[in-house]
Amino acid sequence: MHTLLMKIRNTLAPPAGLPAAARMERLSDRRGLPAVDPGPQAVVKACTTWLCAAQDHSSSNDGGVARDYSLLTGWSSSYPETTGYIIPTMIALAQRTGDDGLHGRARRMLDWCVAIQFPQGGFQGGKIDSTPRVPVTFNTGQILLGLAAGVQAYGAAYQDAMHRAASWLRDSQDADGCWRRHPTPFASAGDKAYETHVAWGLFEADRIAPGHGYGAAGLRQVDWALSKQRPNGWFASNCLDNPLLPLTHTIGYALRGLLEAHCFSARADLLQAAARTGTGIANAVAADGYLAGRLGPDLQPGASYACLTGSAQNAHCLFLLYQLTGERHYLDAGRRLNRYVRRSVSIDGPAHMRGGVKGSFPIDGDYGTWAYLNWAAKFCIDANLLELALEPHLEQKAGDA
């Protein structure tokens, strides 16, 4: 009884010494999501502004994007991994709006990534000021996505860095397709199925520079990852810290890598594998768009909070599955996920929070606790841009009905 009472007290009462802003946000979240959905356009605009602020206010002031804004400690230093895959989003926004300032921001991110690359081609894990500073497979794959987008948009200035990153990944891969030689020191040890998201970086490099074996290396990893997939679509060895209850964030990574592998190779078995995972996710999304932040082997909830990053990532993946299969249940689940995340985003609050996407809802959930994460904003933008792109298609189908 004492243990139960302590658990209830800790749930209802904030930890001692919590700053006022954190206490207020926790209290607000405990009341539930706001009823109003600001809509895709408003949230894309607000999240873009927040990402620009995160670049401008990074405590390391280097052109990278601050990892987060914490209600406990303020703006963090720049985060190489996620700055890498924010680059394609920033380029897409610049091209969509014709805003040269956004192109300039993408170039500053790219130049910073090139400047911090290890001579052999890899990139460090953690924030720029984290230790130990060692090359890490996953982070290199995420920055490779940005470098490939940089070559595509801006030309040869980023080609050498792209080749060095892609070659380093190709050459450090084990024979079975898994990467084991350069794990991150900032997650639990063990093989990681979600490194299909690294394979995606190799597919992008191969599209730009075929003939170097980059895409083949990516497909080897995806085939290895499929050995971890269960018939219901759930993946073993697929979490930062708890393989029995993976985050929807890492599930989203794994699913996106499968989808990109299919798009690269046109292999039907990869689309079927992605559909298994996507169907499991879609079935786990509640009517209001809530998706538990962790999912167990039976795809049942394993957390009492939503991992907003994972919700946005999986929304994007479900939209891609809808495009590839035409199956409406993917679209409907993706839209519910997007609405849930949008309702959590403030578009008129304090500048450091306006357009920010929390790690968890409520904010004291155990993913990105008390913080607004740069990659959460990035994935929210991506998912809402794709939802907007689908709207004319849906209107046409409705008119044909």
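The following conversation goes through a predicted model and the reasons for the terms applied to it.

Modeller: This is a predicted model, in which local features need pLDDT of at least 70, side-chain atom pairs count only at pLDDT 80 or more, and totals for chains, interfaces and linings use all residues. Residues are numbered from 1 along each chain as its sequence is written, and side-chain values use heavy atoms, with hydrogens and water left out.

Colleague: What pLDDT does the protein chain average, and where does pLDDT stay under 50?

Modeller: pLDDT is the predictor's confidence in each residue, from 0 to 100. The chain averages 95, and 94% of the residues score at least 70. Over residues 1-12 pLDDT stays under 50, and the model has 4 contacts (heavy atoms within 4.5 Å) beyond four places in sequence for that stretch. Where pLDDT is low, the predicted coordinates should not be read in detail.

Colleague: Why is the pair D29 and K358 called a salt bridge?

Modeller: The term requires a side-chain nitrogen of Lys or Arg within 4 Å of a carboxyl oxygen of Asp or Glu. The closest N and O atoms of D29 and K358 are 2.7 Å apart, so the pair meets the rule. By this rule the count comes to 23 salt bridges.

Colleague: What makes D29 and K358 a tie between parts of the chain?

Modeller: D29 belongs to helix 2 (residues 20-30), while K358 sits in the loop between helix 13 (328-343) and strand 6 (360-361); the pair therefore ties together parts that are 329 residues apart in sequence. Helices (H or I, at least four residues) and strands (E, at least two) are DSSP runs, numbered from the N terminus. Both D29 and K358 are buried, a term for under 20% relative accessible area, with exposed meaning over 50% and partly exposed in between (1.4 Å probe, protein chains only).

Colleague: How do you know that R267 and D223 are partly exposed?

Modeller: R267 has 24% relative accessibility and D223 has a relative accessible area of 34%. Both values fall between the two cut-offs, so both residues count as partly exposed. R267 and D223 also form a salt bridge, with their closest N and O atoms 2.7 Å apart. R267 is in the loop between helix 10 (248-265) and helix 11 (268-284), and D223 is in helix 9 (residues 214-226), 44 residues apart.

Colleague: Where do D332 and R328 lie?

Modeller: Both lie in helix 13, 4 residues apart, about one turn of the helix. D332, at 30% relative accessibility, counts as partly exposed, as does R328 with 44%.

Colleague: What makes a space a pocket or a cavity?

Modeller: On a 1 Å grid over the protein atoms alone, a cavity is a set of points where a 1.4 Å probe fits but cannot get out, whereas a pocket is an open set with protein on both sides within 12 Å along at least five of seven lines; lining residues have an atom within 4 Å of a point. Grid points are joined across faces, edges and corners, and a volume is the space filled by probe spheres set on the points. The largest pocket has a volume of about 550 Å³. Of the 25 residues lining the largest pocket, the closest to its centre are P88, T89, A92, W200 and R256. A search of the whole structure finds 1 cavity of 30 Å³ or more, and the largest cavity has a volume of about 60 Å³.

Colleague: Which helix gives the most to the lining of the largest cavity?

Modeller: Helix 12 does, with 4 residues. The lining includes H197, R256, H316 and D382.

Colleague: Why is L299 called buried?

Modeller: L299 has 12% relative accessibility, which is under the 20% cut-off, so L299 counts as buried. L299 also has a positive phi of about 60° although it is not a glycine. W370 is buried too, at 9%, and its phi is near 65°. Most residues other than glycine have a negative phi, and most peptide bonds are trans.

Colleague: Which peptide bonds are cis?

Modeller: One joins T131 and P132, with omega about 0°. Another runs from F361 to P362, with omega near 0°. P362 is found in the loop between strand 6 and strand 7 (371-373), and W370 lies in the loop between strand 6 and strand 7.
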